[in-house]
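User: Please take a close look at one part of this protein. I would like the part placed in its wider setting as well.

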Amino acid sequence: MFYTGMTPGRCYMGLAISGNGVDWEKHGDNPLIKPGPAEWDSIYASCSSVVLTPDEKWRLYYAGRKDMLHKYYAIGMAELNGDI
């Protein structure tokens with residue numbers, strides 16, 4: 001499960017894994033997606049959608065935001081080759 005965590009003024013995305021849907025363990029490399037150095041996602045990385053491509057790559061699409069004044073979002077994409 002991908003989830004959003006917040007600190008004052010920032011949103012991050014993490015991963016938790018469960019074998020039974022009840023007991024969850026956070027991934028050791030969390031946060032996997034954090035606000036980036038680019039202006040378009042400098043404070044906000046949230047609202048994920050994950051796709052496994054036919055060539056076995058995981059693509060995570062997410063919303064990025066540069067500040068809390070503007071009401072627009074940009075779409076980012078992170079890619080992982082291999083297993084999570």
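Which residues is Ser46 in contact with, leaving aside its neighbours within four places in sequence? In the protein, what share of the contacts with a separation of 6 or more comes from residues 24 or more positions apart?

Analyst: The wider setting comes first. This is a predicted model. In the protein, residues 24 or more positions apart account for 30% of the contacts with a separation of 6 or more. Ser46 takes part in contacts across the sequence. Leaving aside neighbours within four places, Ser46 is in contact with Thr4, Cys11, Met13, Tyr62 and Ala63.

Now the position itself. Ser46 lies in strand S4, which covers residues 44-52. Its relative accessible area is 6%, so Ser46 is buried, the cut-off being under 20%. Across the protein, buried residues make up 26% of the 84 residues.

The side chain of Ser46 has a polar partner. A polar contact of 2.8 Å links the side chain of Ser46 to the side chain of Thr4. Thr4 is also in the contact list of Ser46. Ala63 is another entry in that list. Ala63, in S5, stands opposite Ser46.

S4 and S5 pair in the antiparallel sense, over 7 bridges. Strands of a sheet pair through backbone hydrogen bonds, either parallel or antiparallel. There are 4 residues between S4 and S5 in their hairpin. Glu56, in the turn, has a positive phi of about 65 degrees.

Thr53 sits in the loop between S4 and strand S5 (57-65). Is Thr53 buried or exposed? Thr53 counts as buried, because its relative accessibility is 9% and the cut-off is under 20%. Its side chain makes a polar contact of 2.3 Å with the side chain of Asp55.

Thr4, Cys11 and Met13 are among the contacts of Ser46. Strand S1 covers 2-7, and strand S2 covers residues 10-17. S1 and S2 pair in the antiparallel sense over 6 bridges. Gly5 has Tyr12 in S2 as its bridge partner. The hairpin of S1 and S2 has 2 residues between the strands. Gly9 in that hairpin takes a positive phi near 85 degrees.

S2 also pairs with S3. That pairing is antiparallel and runs over 2 bridges. Ile17 stands opposite Glu25 in S3. Together, S1, S2 and S3 make an open sheet of 3 strands in the order S1-S2-S3, with antiparallel pairing. The edge strands are S1 (2-7) and S3 (25-26), each pairing on one side only.

A few totals complete the picture. The protein has 0 helices and 6 strands. From the N terminus on, the elements run β-β-β-β-β-β. The C-alpha trace spans about 40 × 30 × 20 Å along its principal axes. The protein exposes about 5,700 Å², and carbon and sulfur atoms supply 56% of that area. There are 8 positive and 10 negative charges, and their mean positions are 11 Å apart.

To return to the part in question: Ser46 is buried. Its side chain has a polar contact with that of Thr4, and Ser46 stands opposite Ala63 in S5.

Terms used:
Residues numbered from 1 in each chain as written. Predicted model: local features only at pLDDT ≥ 70, side-chain atom pairs only at ≥ 80, totals over all residues. Heavy atoms only, no water. Pairing = 2+ DSSP bridges. Buried < 20%, exposed > 50% of the residue type's maximum accessible area, 1.4 Å probe, protein only. Contact = heavy atoms within 4.5 Å. Areas by Shrake-Rupley, 256 points an atom, 1.4 Å probe, with all protein chains shown as cover. Lys, Arg positive; Asp, Glu negative; His and termini not counted. Charge placed at Lys NZ, Arg CZ, Asp CG, Glu CD. Polar contact = N/O pair within 3.5 Å; in protein donor to acceptor, adjacent residues only side chain to side chain.
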